[in-house]
Amino acid sequence: MAPFSRVRRAIASSLACIVPLLLNAQSAKDRSHPAEPASQSVSRAARRPPVTADSIVDSGPVIFKDVTLEAGLAGWSHRMGAADKGLIIDTNGSGVGLIDYDNDGWLDIYLVNGSTFDALDGKETPPHAALFHNNHDGTFTDVAAKAGVTNDRWGFGVAIADYDNDGWPDIFVSNWGKNRLYHNNHDGTFTDVAEKAGVTLGNWSAGATWGDYDGDGRLDLFVSGYVHFDRENLPYPGTPAAGLNTCEFKGVVVMCGPRGLQGEPDHLFRNNGDGTFSDVSAKAGVSDNVNRYYGITPLFVDVNGDGKPDLLVANDSTLSYLYLNRGDGTFDDVSLTSGFGLNEDGREVAAMGIAAGDYMNNGRIDFAITDFSDETKLLFQNDGTGNFTEVSVASGIGKLSVPFLGWGDGFLDYDNDGWLDLMMINGHIYPVADRADWGTSYAQRPLLFHNLRDGKFEEVPPVKGSGEAEVISGRGAAFGDLFNDGKIDVVINRLDGPPILLKNVNRDHHHWVELKLVGGPGSPRDAVGATVYLTANGMRQRRDVLSGGSYVSTNDPRPHFGLGDATDAGTAEIRWPSGKRESVRLPAMDRVFTVAEGKGIVAAVCGGKSCPAQSPSAASLSSPAHRH
């Protein structure tokens, strides 16, 4: 750890008691506290488009192609609130989840929708969520109504997992209003069991994540609370609900929040194993009932390598949380002392999304955090013990990312060279950004960074006509192999518009391997919380099975490994949630292998279809499982 980081961490620790009070006392007037107001008198036609909507090159390598129309997704549209975005409820957008809901081996797409006051009042048809079934031919069909998962509430986040260990993935949707828990009926339909399960809550739940925090083999649920939003007391500028604040950003009156508004507490629900959950938030020490910071994206993931899922919460405009799992049903709040809660300068940011991945290939899970414009997007490097150094500027992503307002993000090996790259999805919340001379825009293009293998990244220039050049109001994003071709694709849930499906068309011919994990006794059935280390091509990569992350979204649950030019798929060491470790020799590359805990490889898929059996036999490929 760098000496500066040690000193900063010691200072942060000594201030742990007073910093939260200072953060809560900050004015709601301006998210970034600029020194000077920006002029709105500059003609947009007289100035060059900002980098957030430009810097597009005429030629170069195309990584992603927008296939939304041909895939059949363009007929669905997201809608959230009023067009003028005069309230915070109008602006945040929704998540997207990748789910193989019918267990056919192909990822389907769940898109959360928002709503409007008129829809809630029955004056217009509510916007509905979409469940796009994968037709195995590059197209998708919306079956949400038939499946019973339209939600028809004001939706935000989605977390997908098999919470009852029946072998079928379920869907949790976080709403303003009551949440949904859609139980998979195994026949293409779902039933909302949130009331019976006891997880409805009732005000503004932003995101959610599943994880077995207490090690009983059953997945528990964490739900982040955002703003307490009261329709009878709307927080327009100058109103009592907004603390009588004028709510300005860079000298311009904008919608109010989140600062200055009351926050919502967070909730941890323990799985009782009988279809119900118990709220153990206070007992576990993760309720945030005192500070009531503005929680957005949470994520269960093992931060310090002790085999127990820890908990991260990206909080908007306040300190973000890192809770280390003590292993006794409680968590230790190390947000300040770990270096995770603040940026390199010791300041809070408006954190939105969390990308988790071992981008250094050193076996440690690192994190990228998207945040507001005029803030560097954060990159936290893990020292292996649960302490972090923020290296955004040193890595090369800091300066480039400042004008962008980031939401969904993910580490993805887009060229299958064995090193995780980084993508961020962007879009402003203030429509006035297109009229004010802020050096930014309302709709924004994504950012794609290539891993240089030395701790640094370089931006991949967006080529005209490519998916990277799409200028949109991006929000949620999920990353996964939608076409079973070994390339990671991206689904973006756009604010107030159709989604974007970016198909990976990078021209590399590198090899790859993916694993579908099936947990045994003592582990969740879908292996959420498992960690896989693949030794191949002269390197050791790490991937984790996670539910949640990005911006209130859920990615492909199958660990994906790029192999470069190697023709040996190597050996996978799996650390199961039960604590058992298992080594599995992978007999071929360019395959999706199903690995069951204690049984080794039980199936293999090539191009979406069953592969011929490999030799040696699958049964002999697994070493005896043992507890670590």
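Strands β25 (residues 421–426) and β26 (residues 447–451) run antiparallel and are joined by three bridges, where strands are DSSP runs of E, at least two residues long, numbered from the N terminus, and two strands pair if DSSP finds at least two bridges between them. Within this pair, M424 has L447 of β26 as its bridge partner. Both strands belong to an open sheet of four strands, ordered β24-β25-β26-β27, in which the pairing is antiparallel. Because β24 (406–412) and β27 (457–459) stand at the edges with a single partner strand each, one side of each is left without a neighbour in the sheet. From one strand to the next the twist averages 20 degrees, with axes taken as lines fitted to C-alpha atoms and angles running from 0 to 180 degrees between N-to-C directions.

The model is predicted, so that local features need a pLDDT of at least 70 and side-chain atom pairs count only at pLDDT 80 or more, whereas totals for chains, interfaces and linings use all residues. Residues are numbered from 1 along each chain as its sequence is written, and side-chain values use heavy atoms, with hydrogens and water left out. The protein chain averages a pLDDT (the predictor's confidence in each residue, from 0 to 100) of 92, and 90% of the residues score at least 70. Over residues 1–45 the pLDDT is below 50, although this stretch has 78 contacts in the model beyond near neighbours in sequence, a contact being heavy atoms within 4.5 Å. Residues 615–628 likewise stay under 50, with 26 contacts beyond four places in sequence.

A further open sheet, of five strands in the order β34-β31-β37-β38-β39, shows mixed pairing; its edge strands, β34 (560–564) and β39 (609–610), each pair on one side only. β37 and β38 pair in the antiparallel sense over five bridges, and A604 in β38 is the bridge partner of F593.

The largest pocket holds about 650 Å³ of space. A pocket is here an open set of points, on a 1 Å grid over the protein atoms alone, where a 1.4 Å probe fits, with protein on both sides within 12 Å along at least five of seven lines; lining residues have an atom within 4 Å of a point. Of the 34 lining residues, D100, N103, K516, L517 and P557 are the closest to the centre of this pocket. At least two lining residues each come from β2 (96–99), β6 (154–161), β31 (511–518), β37 (591–596) and β38 (600–606), and β31 supplies the largest share, four residues.

Conventions:
Points joined across faces, edges and corners; volume = space filled by probe spheres on them.
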